[in-house]
Number of protein chains: 2
Amino acid sequence: MPFTLEHTDSKTKARTGVFKTDHGSFETPMFMPVGTIGTVKSLSPDDLKSCGAQIMLSNTYHLYLRPGTEILEEFGGLHRFNRWNGPILTDSGGFQIYSLNDLITSSEEGVEFKSHYDGSRHLFTPERVVDIQRSIGSDIMMVLDYLTGNPADYDTAMEAHLQTLRWAERSRNHLNSTKPLYEHQQFQFGIVQGGTYSDLRKASADGLMQIGFDGYAIGGLAVGEDAPTRRKVTDECTDYLPENQARYLMGVGKPEDILNGIELGVDMFDCVIPSRNARNGSVFTYSGKLNLRNAKHRNAKGPIEPGCTCYACSNFSIGYIHHMLKINEMLGLRLATTHNIHFYLQLVKDSRKAIKENRFAEFKQEFLENVNR
Amino acid sequence: MPFTLEHTDSKTKARTGVFKTDHGSFETPMFMPVGTIGTVKSLSPDDLKSCGAQIMLSNTYHLYLRPGTEILEEFGGLHRFNRWNGPILTDSGGFQIYSLNDLITSSEEGVEFKSHYDGSRHLFTPERVVDIQRSIGSDIMMVLDYLTGNPADYDTAMEAHLQTLRWAERSRNHLNSTKPLYEHQQFQFGIVQGGTYSDLRKASADGLMQIGFDGYAIGGLAVGEDAPTRRKVTDECTDYLPENQARYLMGVGKPEDILNGIELGVDMFDCVIPSRNARNGSVFTYSGKLNLRNAKHRNAKGPIEPGCTCYACSNFSIGYIHHMLKINEMLGLRLATTHNIHFYLQLVKDSRKAIKENRFAEFKQEFLENVNR
């Protein structure tokens, strides 16, 4: 088993653990910076390490379109191509096909979609998605899932869950009947669907556990539902899922969403918010968000966050980053991204510490009071 | 005297030396990477250092418009603002006003121009340009010069030289009657004009030497003349200029132009070519240029230049940089820029070594044979 549960907070469901891969281990709860097409936008692998990253996320769908599996295989997989030598998790692309409106048809066989780059047509089956992730060589691969937006009516949500489950079984069978292309082991996570319906989520979780995966993701959230609903579904899912395996809440979210997820027993997170916000000049601090493009920051001599140890805060003033953003200088985007990724990684690091000290609830409350003050 | 001449090649006019500033020394011949508005596009100060940079160039005109002298003074000058703690040379802006077509009128008093950002009107006088460079705190400032494109008729070239000379005198007087705003010394270079006319160039050089500067630049080249003419004018100017002071050939150029300049006794160079070419995917190697965007590089597993010690070549394949450029990933631009800046700095480093060994002519010939093969 790649995941070892280490400690559960005495007052919440929050927990710490370690996930071990052939490219090294990562501690949980962990945030995975998103490098969709191989690179976290503007950051080198060394930058990413200096932010405290222990694992990065990339995307099967995007890598399949560019650079394509032929190139990835020629280079010996994504690790050798992008020079990130830590663990890599790849999402399957189900969410991208759904969210980019690239879907043409969906059938029992799989999903047909058109490339948003050149309009060419492609078929993703559960088996093909495993094969592509073999070419990528990710340490953790996700099954192809089928999702709907929220709210969805019961029948639609059930259909999505059942389709996801049937595909999950095919995915696992295909994984078991194929071998890694490179010298390292590849784990596979199932994805719980079922919309906002408790019984469907339970049936989905049970079905996946019966197949048996190396970890379980909660999918179909952050796609239109409100925060209380997201919380309820997450809470139920972590109850349904096995204690001793890793749980990954996909695509969530803001710092407060991450803390909610941790409180409910989630171990892994990813989201484009820290990097995307940074490119708009919006940075996170422990006392709330700042927009660095705002003219009031032009002569600010301090760092984004006093005491922050990230490369941006250790070296540059808010005023200079403001100047760079105003002149569209790439270094400004890089520094803002560096700070935000570091902020998220510091948040999960602080969370792990708080869990080990059985004071996660207080930590979370204090954080929320500070940022909303 | 800030400049110390160390060795002159036995067979050419090429020479080595050291230029000392309060922010450290730089060896000559030296290439100065261009950070127009404070940053060499895409590179942090640490990146720039890792390329081997010993001095950077920035631009009075651009910094005056953004962020403006008020901000620069509040931060205690450009070094504290952009966090480059080595020497900085600032060009005066004469060339930008000329080349950006921002000029409204030119008179004995100075040049009036409109900002290309917001259309606002501004007056640059020789004195004002010194004041702005006091606000910037550059280690080496350039006088405001007046230039024409090439070819220019004799009268136009004479007018440009005479105007430049009268402004140079006012510039020097103003420098001598003002003090640095920060704790370090600021040197000032005069600029030789006179188009392609030998007698005008001589008169210009003589006039400037009579005023007395801390170094001399050759201006008004790389603005339309052919290569043999550029060579002739450079050769004459270095004959006219004092042996024991630094000579700076402004805005030149390609690697072969740099080598020509070195051969003719030039000590300092700047040019946007390495950084601008990089952003178009064009990189320099000792066996000629490569366009990394070209599809033939998609599965190239080696570095841009085998044996190159730059960050890009030490870590990344051509194929991955190609992929990043195709997906418009900023890291691709940064790595290509890193390589090209490193290439230029390696070129002047190798030149210094060759000069010290009295084999600069052979070094230059070998380089040209390789790149043109």
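Guide: Two strands pair if DSSP finds at least two bridges between them. Keep that in hand while we go through this predicted model.

Visitor: Start with chain B. Which residue stands opposite Gly17(B)?

Guide: Thr28(B), in strand 3 of chain B, stands opposite Gly17(B). Strand 2 of chain B covers residues 15–21. Strands 2 and 3 of chain B are joined by five bridges, in the antiparallel sense.

Visitor: What is the strand order of that sheet in chain B, and is the pairing parallel or antiparallel?

Guide: The order is 1-2-3, and the pairing is antiparallel. This is an open sheet of three strands. Strand 1 (3–8) and strand 3 (24–28) of chain B are at the edges. Each has a single partner strand, so one side of each has no neighbour in the sheet. On average, neighbouring strands here are turned by 15° against each other, direction ignored.

Visitor: Which helix of chain B lies across these strands?

Guide: Helix 14 of chain B, residues 330–356. This helix lies across strand 1, strand 2 and strand 3 of chain B. Its angle to strand 2 of chain B is about 125°.

Visitor: Now chain A. How do I read the sheet of eight strands there?

Guide: Read along the order: 4-14-13-12-11-10-6-5 in chain A. The sheet is open and its pairing is parallel. The edges are strand 4 (30–32) and strand 5 (56–59) of chain A. Each edge strand has a single partner, so one of its sides is left without a neighbour in the sheet.

Visitor: How many bridges join strand 4 of chain A to strand 14 of chain A?

Guide: Three, and the two strands run parallel. Strand 14 of chain A spans residues 268–270. Look for Met30(A): its bridge partner in strand 14 of chain A is Met268(A).

Visitor: Which strands of chain A does helix 9 lie across?

Guide: Strand 11 (187–192), strand 12 (215–218) and strand 13 (247–249) of chain A. Helix 9 of chain A is residues 227–240, and runs at about 165° to strand 12 of chain A.

Visitor: Next, the two chains together. What rotation superposes chain A on chain B?

Guide: A rotation of 180°, with 0.0 Å of shift along the axis and an RMSD of 0.0 Å. The copies are thus related as by a two-fold rotation axis. To find that axis from chain A, go to Met330(A): its C-alpha is the nearest in chain A, 3.6 Å away.

Visitor: Why do the copies meet through the same surface?

Guide: Because 100% of the interface residues of chain A are also interface residues in chain B. Each chain brings 39 residues to the contact.

Visitor: And how is the size of an interface often given?

Guide: As the accessible area lost when the parts come together. Between chain A and chain B, about 3400 Å² is buried, and carbon and sulfur atoms give 57% of that. In chain A, Phe75(A), Tyr320(A) and Met330(A) lose the most area to chain B. Together they make up 18% of what that side buries.

Visitor: How many salt bridges are counted between chain A and chain B?

Guide: Four. For one to inspect, the side chains of Arg334(A) and Asp47(B) meet in a salt bridge at 2.6 Å, N to O. Polar contacts link 22 residue pairs between chain A and chain B, both residues at pLDDT 80 or more.

Visitor: Which helix of chain A gives the largest share of the side that touches chain B?

Guide: Helix 13 of chain A, with five residues. Several helices of chain A each supply at least two residues to that side, including helix 1 (45–50), helix 3 (69–75) and helix 14 (330–356).

Notes. Residues numbered from 1 in each chain as written. Chains lettered and ligands numbered in written order. Predicted model: local features only at pLDDT ≥ 70, side-chain atom pairs only at ≥ 80, totals over all residues. Heavy atoms only, no water. Helix = DSSP H or I, 4+ residues; strand = E, 2+ residues; numbered from the N terminus. Contact = heavy atoms within 4.5 Å. Axes fitted to C-alpha atoms, helices over the stretch in contact; angles between N-to-C directions. Least-squares fit on C-alpha atoms with pLDDT ≥ 70 in both. Buried area = accessible area lost by both parts, 1.4 Å probe. Polar contact = N/O pair within 3.5 Å; in protein donor to acceptor, adjacent residues only side chain to side chain.
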